[in-house]
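Please look over the sequence and the model shown here before reading on. The paragraphs that follow go from the overall fold to the core, and then to single residues.

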Amino acid sequence: MDTILSNMERHKLNRRITEKLENLLTRAKAQGLSQKELAARAGISEVGLSQAKARGDLRVSTLEALANALDMTIEFKPRHFRNAAIAAIREGQFFELAGEP
């Protein structure tokens, strides 16, 4: 994988993963869970979670375990769908009203 991704792409990927992890940690805190409790519920060590957070690198399986511990799911969606939908709405092509030609 290192040969395929440039350093810049890896940095962007790490930042996105870190953002997702921060979102999960914020959600856990809102539910009254500490990072240690979240890690335990997910079946991972607190140290491992802290290290992954510091590196900005996390396995998808670990991210999924953390999400599951918070009764959440991970979904993949097309990156450019939102921009295409916005453009279609602005052009009046996103939906049709009944009875329109």
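Read along the sequence, the protein chain runs in the pattern α-α-α-α-α, which comes to 5 helices and 0 strands; helices (H or I, at least four residues) and strands (E, at least two) are DSSP runs, numbered from the N terminus. This is a predicted model, in which local features need pLDDT of at least 70 and side-chain atom pairs count only at pLDDT 80 or more, whereas totals for chains, interfaces and linings use all residues. Residues are numbered from 1 along each chain as its sequence is written, and side-chain values use heavy atoms, with hydrogens and water left out.

The confidence of the prediction deserves attention at the outset. The predictor's confidence in each residue, pLDDT, is given on a scale from 0 to 100; its mean over the protein chain is 78, and 73% of the residues reach 70 or more. Among the elements, α2 has the highest mean pLDDT (94), while helix α5, covering residues 81–90, has the lowest (75). Where pLDDT is low, the predicted coordinates should not be read in detail.

Turning to the chain as a whole, buried residues (under 20% relative accessible area, as against exposed at over 50% and partly exposed in between, with a 1.4 Å probe and protein chains only) make up 22% of the 101 residues. The accessible surface comes to about 8,200 Å², of which 53% belongs to carbon and sulfur atoms; such areas come from the Shrake-Rupley method with a 1.4 Å probe, and for residues only the protein chains shown count as cover. If contact is taken as heavy atoms within 4.5 Å, then among contacts between residues at least 6 apart in sequence, 51% join residues at least 24 apart.

Which residues touch the most other members of the largest nonpolar core? A nonpolar core is a set of buried Ala, Val, Leu, Ile, Met, Phe, Trp, Tyr and Cys residues joined through side-chain atoms within 4.5 Å, and of the 18 residues in the largest one, Leu21, Leu24, Leu38, Leu49, Leu58, Leu66 and Leu70 are those with the most such neighbours. At least two residues of this core are supplied by each of α1 (7–30), α2 (35–42), α3 (46–55) and α4 (60–69). In soluble globular proteins, nonpolar side chains tend to be buried together.

Leaving aside neighbours within four places in sequence, Leu66 is in contact with Leu21, Leu24, Leu38, Ala42, Ile44, Leu49 and Leu58. Leu58 itself sits in the loop between α3 and α4, where it counts as buried at 10% relative accessibility. Not counting residues up to four places away in sequence, Leu58 touches Ile17, Leu21, Ala52, Leu63 and Leu66, and its C-alpha atom is separated by 7.0 Å from that of Ile17, 41 residues apart along the chain.

Ala69 and Ala39 are 30 residues apart in sequence, yet 8.5 Å apart in space, C-alpha to C-alpha. By contrast, Val60 in helix α4 is exposed, with a relative accessible area of 52%. Together with Ile74 and Phe76, Val60 makes a nonpolar surface patch of about 330 Å²; patches are made of residues with over 30% relative accessible area and no salt bridge, like charges being joined within 9 Å and nonpolar side chains (Val, Leu, Ile, Met, Phe, Trp, Tyr) within 5 Å.

Just after α4, Asp71 takes a positive phi of about 60°, and this residue, in the loop between α4 and α5, is exposed with a relative accessible area of 73%.

The last feature is a charged pair. A salt bridge is a side-chain nitrogen of Lys or Arg within 4 Å of a carboxyl oxygen of Asp or Glu, and by this rule the count comes to 1. Lys53 forms a salt bridge with Glu22, the closest N and O atoms being 3.8 Å apart. Because Lys53 lies in helix α3 and Glu22 in helix α1, the pair ties together parts that are 31 residues apart in sequence. Lys53 is partly exposed at 31% relative accessible area, and Glu22 is likewise partly exposed, at 32%.
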